[in-house]
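Biologist: Can you take me through this model in plain terms? I would like to start with the pocket and then go to the rings and the core.

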Amino acid sequence: MARGAGRGVLRPAMASMTTMSEIPQIRKYELGSRIGRGAGATISLAYERTTRQPFAIKHVVCRNPDDARFIVQAENEFHVAQRMDHPYLRKCYELIRSRRWLKTRELFLVMDYVDGERLEDRCPERLGDVVSIFTRVATGLHAMHMAGFAHADIKPNNILLEKNGGLKIIDFGQSCPLGHRKTRLQGTPDFMAPEQVARQRIDHRTDVFNLGATMYWVVTGKWFKTLMPAGPAATKKIALEQCRGSVPPRELNPLVPLSLSRLIMECCESNPELRPPDMRKVASRLEVVQHLLDQKSASAVIRPAGKV
């Protein structure tokens, strides 16, 4: 699992509104250390008491009206994950609610435990590894699209690299049916497609853009210039703009193969019609890049992005 904001036994965090004994369904799990944070939630490692199988449990508490959206996102993550079954997509097994006055005040989402790190924290140095990761991400997203959903928030922070070499796409909290139009702005500014900013319909090509922007960051160390403003203050905007790019990746990093550079720029086209038509096509082109690398040297090193 990814690095969290601290480790240790979750005593106050997991018992902020109710005690464990008040929720019968959660008592079958032995809760351990905190392993992550995100979207108004804490994530802890837990073990099923009889089988000792490890799980990750996301805990969300609704303390004020603004927190209600985090409850909705966790519920959405569960329902979307229940519709999919693919080795590159994180599974969610159980949603446990605690209600007061007929409203969900907190919930526990039982998920796959992934022993690894986020791509944001562990960018590979070998070019062959980079291409392999994104081929698998595209494959996983294609399976998601075939199930009728867009992820709508693909970014380095939502790709987990397992220690055993596996990979998981995580966080379906902002996922939506293909063709859905959101009423409020959702997504991560540095990776958002133009149609997300304009609150237009979201489909599989939105994920193509998000993935393209993610690949751009990995191979160049810069964020792709999206339609989101860089920042409210002029000085902040200037600083951020220096960390953004819109030129082809190969111009920023000569180690990027031309075929990969072209694919990334096509994925990041503002017009969805000009992007690759689906993730199957993206994966196919990445496989061609991998084949060309294998003919040369898949061990070639690409400058790691690190933190921008």
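Predicted model: local features only at pLDDT ≥ 70, side-chain atom pairs only at ≥ 80, totals over all residues.

Biologist: How much space lies in the largest pocket?

Modeller: About 400 Å³. A pocket is, on a 1 Å grid over the protein atoms alone, an open set of points where a 1.4 Å probe fits, with protein on both sides within 12 Å along at least five of seven lines. The volume is the space filled by probe spheres set on the points, which are joined across faces, edges and corners.

Biologist: Which element gives the largest share of the lining?

Modeller: Helix α1 does, with 4 residues. Helices are DSSP runs of H or I with at least four residues, strands are runs of E with at least two, and both are numbered from the N terminus.

Biologist: Now the rings. How many aromatic pairs does the structure hold?

Modeller: It holds 4. Rings of Phe, Tyr and Trp (its six-membered ring) pair if their centres lie within 6.5 Å; planes under 30 degrees apart are stacked, over 60 edge-to-face, and the rest tilted.

Biologist: Why is the pair of Phe 209 and Phe 224 edge-to-face?

Modeller: Because their planes are at 80°, with the ring centres 6.1 Å apart. Phe 209 is in helix α4 and Phe 224 in strand β13, 15 residues apart in the chain.

Biologist: Is Phe 209 buried or exposed?

Modeller: Phe 209 is buried, at 2% relative accessibility. Buried means under 20% relative accessible area, exposed over 50%, and partly exposed in between (1.4 Å probe, protein chains only). Phe 224 is buried too, at 8%.

Biologist: And the largest nonpolar core, how many residues has it?

Modeller: It has 64, and Leu 211 is one of those with the most contacts inside it. A nonpolar core is a set of buried Ala, Val, Leu, Ile, Met, Phe, Trp, Tyr and Cys residues joined through side-chain atoms within 4.5 Å.

Biologist: What does Leu 211 contact?

Modeller: Leaving aside neighbours within four places in sequence, its contacts (heavy atoms within 4.5 Å) include Phe 134, Ile 154 and Val 282.

Key:
Residues numbered from 1 in each chain as written. Heavy atoms only, no water. 1 Å grid on protein atoms, 1.4 Å probe; cavity = no way out; pocket = protein on both sides within 12 Å on 5 of 7 lines; lining within 4 Å.
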